[in-house]
Amino acid sequence: MQQSHLIKPLLDADYPLADHGKGIFIYDSDGKDYLDACSGAVTANIGHGMKEIIDAIQKQAEKIAFVYRSQFTNEAAEKLSSLLAEKTDNHLNWTFFVNSGSEATETAIKIALQHWLEKGKPKKTKVLSRWMSYHGITLGALSMSGHSVRREKFTSLLEDWPVLEPPYCYRCPYGKEFPTCGLHCAAHLETVINRVGADQVACLIVEPVVGAAGGAITPPDGYYEKLKSICEKYEILFIADEVMTGCGRTGAMLALDHWGVKPDIAALGKGLGAGYAPIAATMVSDKVMEPIQNGTKSIMSGHTFSANPLSCATALAVLQLIDSEDLLSKVEEKANYLQKKLKKLQSEFSFIGDIRGKGLLIGMEFVKGIEAKEPFPREFIFTSKLISIAQKNGLLLYPAAAGLDGRHGDAIIIAPPLNITEDEMDELCKRLREALLELN
Ligand code: PLP
């Protein structure tokens with residue numbers, strides 16, 4: 001191959017050339033197939049090459065691909081925002097479209113700050129977040145991310161936002177056990193708020209199921225109910241970063257739906273366009289919008305491609321396909337099947353410490369010794385070795401990074417397209433077992 005001018009994740013690595021995709025498989029230019037067990041970056045939620053989506057893209061492109069949001073509205077954006085409102089029972093009634101998850105979380109906190117400003121509480125500016133979290137790579141989003149490996153090189157540019165410990169039951173930061181812990185990790189929010197001063201705090205942002213920074217870490221029941229009630233008590237906006245978990249990944253429109261908790265603001269991304277177009281969204285409740293509607297009547301943010309017709313038409317077709325194939329109602333059954341098979345692998349390989357998750361967002365954490373739960377070193381050598389062996393053997397897995405403090409584990413995420421079949425899940429587990437055997 002000619003010299004590449006593309007800055008790739010690893011400059012000296014030899015990446016295969018993707019040629020085309022069909023269903024849950026990606027084919028490279030040599031014709032080799034890769035079973036996509038992680039939907040790329042937990043994004044290709046309906047797999048590749050779906051004709052309905054391609055047709056919708058073509059139809060919209062023939063009509064009009066781009067208009068600028070301060071000059072025109074457009075049918076696709078209007079329809080998509082209505083459908084999203086409907087899917088949240090008209091609780092998150094307003095949507096602001098952006099291009100990436102990082103922009104969606106940054107827009108969320110901007111709207112939170114603007115809400116308080118227009119409500120006459122300009123001191124409420126602090127953002128609370130958790131360690132072991134990832135809200136995006138741009139500087140504002142990275143500031144709120146408790147992802148020490150990704151923060152490390154840029155700390156001088158970041159605000160020090162993460163303050164809460166994660167709800168990481170496998171390695172409880174407080175050395176406690178559920179349920180006798182009394183959900184201490186959630187209750188601690190109240191201590192933090194009192195220390196900072198509720199009159200200074202604008203919002204709390206959390207990933208309902210921790211993705212890239214932990215590997216599908218799922219809190220116990222009651223955790224989000226408690227966080228939300230503390231936020232309400234102190235007038236703090238509750239923001240759900242559903243960029244990875246939203247749009248059906250866990251079997252519900254929002255992962256928080258599983259706990260019956262309604263966020264004030266939610267960020268969507270990844271599965272919204274399912275990889276067919278770059279699109280993300282910040283969804284906002286009437287309560288949050290009200291002072292802005294009665295005040296400046298404009299959100300002080302926006303991007304050139306915000307609400308562009310092509311991306312919106314794509315996302316609309318994706319959500320309609322999820323509905324027409326009734327994919328969400330099948331997620332739990334598929335997830336149970338897959339988890340059961342993965343647990344079988346756990347009994348065979350002693351270095352699989354934990355298997356967890358919600359719906360088709362599954363984490364597998366590795367340990368040097370199962371009893372001591374000793375993590376592998378921070379460079380996640382174990383994970384990266386496993387991922388490269390798996391890819392060589394035709395299986396794609398997603399890494400979840402270890403933290404810098406030696407307390408975090410080393411994990412992968414398994415999150416195949418929602419329309420994966422039972423036979424394909426069998427093949428996924430067969431390929432994973434082969435990779436684990438080769439690593440062992
Ligand atoms: N929020 C969460 C929970 C994510 O998992 C990610 C990406 O992995 C982001 C935000 C950032 O999204 P993007 O990479 O589209 O900017």
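## Helix pairs, domains and ligand shell

The axes of α11 and helix α13 (residues 422-439) come within 10 Å and cross at roughly 25 degrees. That angle makes α11 roughly parallel to α13, a label for angles under 35 degrees, with over 145 counted as roughly antiparallel, 65 to 115 as roughly perpendicular and the rest as oblique. Axes are lines fitted to C-alpha atoms, for helices over the stretch in contact, and angles run from 0 to 180 degrees between N-to-C directions. Helices (H or I, at least four residues) and strands (E, at least two) are DSSP runs, numbered from the N terminus.

This is a predicted model, in which local features need pLDDT of at least 70 and side-chain atom pairs count only at pLDDT 80 or more, while totals for chains, interfaces and linings use all residues. Residues are numbered from 1 along each chain as its sequence is written.

A second pair is formed by α7 and α8, which pack at about 10 degrees and are therefore roughly parallel to each other. Two residues are in contact if their C-beta atoms, placed from the backbone, lie within 7 Å. On the α7 side the contact is made by Ala186, Ala187, Leu189 and Glu190, and on the α8 side by Tyr223, Lys226, Leu227 and Ile230. The contact of α7 with α8 has six nonpolar, no polar and two charged residues. Here Ala, Val, Leu, Ile, Met, Phe, Trp, Tyr, Cys and Pro count as nonpolar, Asp, Glu, Lys and Arg as charged, and the others, Gly among them, as polar.

| Helix pair | Axes | Angle |
|---|---|---|
| α11 and α13 | within 10 Å | roughly 25 degrees |
| α7 (residues 184-196) and α8 (residues 223-233) | 8 Å apart | about 10 degrees |

The protein chain is divided into domain 1 (18-49 + 329-439) and domain 2 (54-324), with bounds from an automatic or database domain assignment. Their C-alpha centres lie 25 Å apart. In the contact between them, 34 residues of domain 1 face 32 residues of domain 2. On the domain 1 side, β12 supplies the largest share, five residues.

Around the ligand there are 16 residues, of which Ser100, Gly101, Ser102, Gly136 and Val243 come nearest. A residue is near a molecule or strand if its C-beta atom, placed from the backbone, lies within 6 Å of it. Helix α4 (residues 101-118) gives the most to this shell, with three residues.
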